[in-house]
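Reader: I am new to this structure. Please walk me through the terms as we go.

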Amino acid sequence: MRELDLLYTFLEVHRAGSITAAAARLGVSQPSVSERIARLEAELGTALFTRSARGAVPTPAGEALAARVSGPVDRLREVWAAPVTEPVETVRVGGASDVVASRVIPALAPLTSQGVSLAFTLGLAHELLERLADGGLDVVVSSVRTPMRGIRYRGLVDEEFVLVGASALARTIDRKRLAADPAAALQHLPLVAYDADLSIVRRYWRSQFGNRPANPVAVTVPDLRGVLAAVVAGSGVSALPRYLAEPAIGAGTVEVLHRPEEAPINTLHLAIPAAEPPTPATTRVIDALAERARDWDVF
């Protein structure tokens, strides 16, 4: 690099016709340019310029050197100055649409400026885990931890679930009966469910009331943001993560219908292939999610 710098300085003097003009083009002092030319002349054992009132006039040796090195030096300088770009690696991430939109994408978006491309697949947990096991995905953010060959899990964050409904439905609940027999007091309320299996609502009912809900189902929508919208509109009641329901609770558009002594918790997991170590880009995705999950609101 030192020799390249000396030759580049020499070419600037040769092209500018003076030490002063070359120093201005290089953004360095005149003595610095003079010192570099002197070092190059000492290494080559010959004078390259004659100083005169007209500036720096190349000697025959200087003309010959310029003709020989100008092309190669210019090409080397172009290579040296070119920005180094890292190869882009795509990481295939699976998850529920609401979790991906509200939590995963904000956590991973900064990686796209660091050589990581992200491709998201949205769907139900069991379908995504099967794709992960078959090699079709690299990481899945899953609300269930289904034992499957070739998959290992890492706990990400615990979510508290709340049972919510619009005020009009809340007023139909017999409060005395709710205290004595909550399942019976809530049985007349229609449900808004995430799926046909009532996976989230069923988990709430079983953990709090000991059995599956017998309520009629009014709406099924595989996106918790859609579930919340239906609840706000008065279509029914549902169990939702508190982080998602809290703004509507604070605004008064929904009410918490049941307040258990111990709040039901669901853990979000990171599922990754067990057979092969993750690629560097996948490792960065895993680390980013684990780091950001520490700041996710858990009420």
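Author: The largest nonpolar core has 60 residues, and W205 and L289 have the most contacts inside it. This is a predicted model, where local features need pLDDT of at least 70, side-chain atom pairs count only at pLDDT 80 or more, and totals for chains, interfaces and linings use all residues. Residues are numbered from 1 along each chain as its sequence is written, and side-chain values use heavy atoms, with hydrogens and water left out.

Reader: What makes a set of residues a nonpolar core?

Author: Its members are buried Ala, Val, Leu, Ile, Met, Phe, Trp, Tyr and Cys residues, joined through side-chain atoms within 4.5 Å.

Reader: Why is S18 called buried?

Author: Buried means under 20% relative accessible area, exposed over 50%, partly exposed in between (1.4 Å probe, protein chains only). S18 has 18%, so S18 is buried. S18 sits in the loop between helix 1 (2–16) and helix 2 (19–26). Helices here are DSSP runs (H or I, at least four residues), numbered from the N terminus.

Reader: Why are helix 5 and helix 13 called oblique?

Author: The axes of helix 5 (residues 97–108) and helix 13 (residues 280–293) cross at roughly 120 degrees and come within 9 Å. Axes are lines fitted to C-alpha atoms, for helices over the stretch in contact (heavy atoms within 4.5 Å), with angles from 0 to 180 degrees between N-to-C directions. Under 35 degrees is roughly parallel, over 145 roughly antiparallel, 65 to 115 roughly perpendicular, and the rest oblique. Therefore the two helices are oblique to each other.
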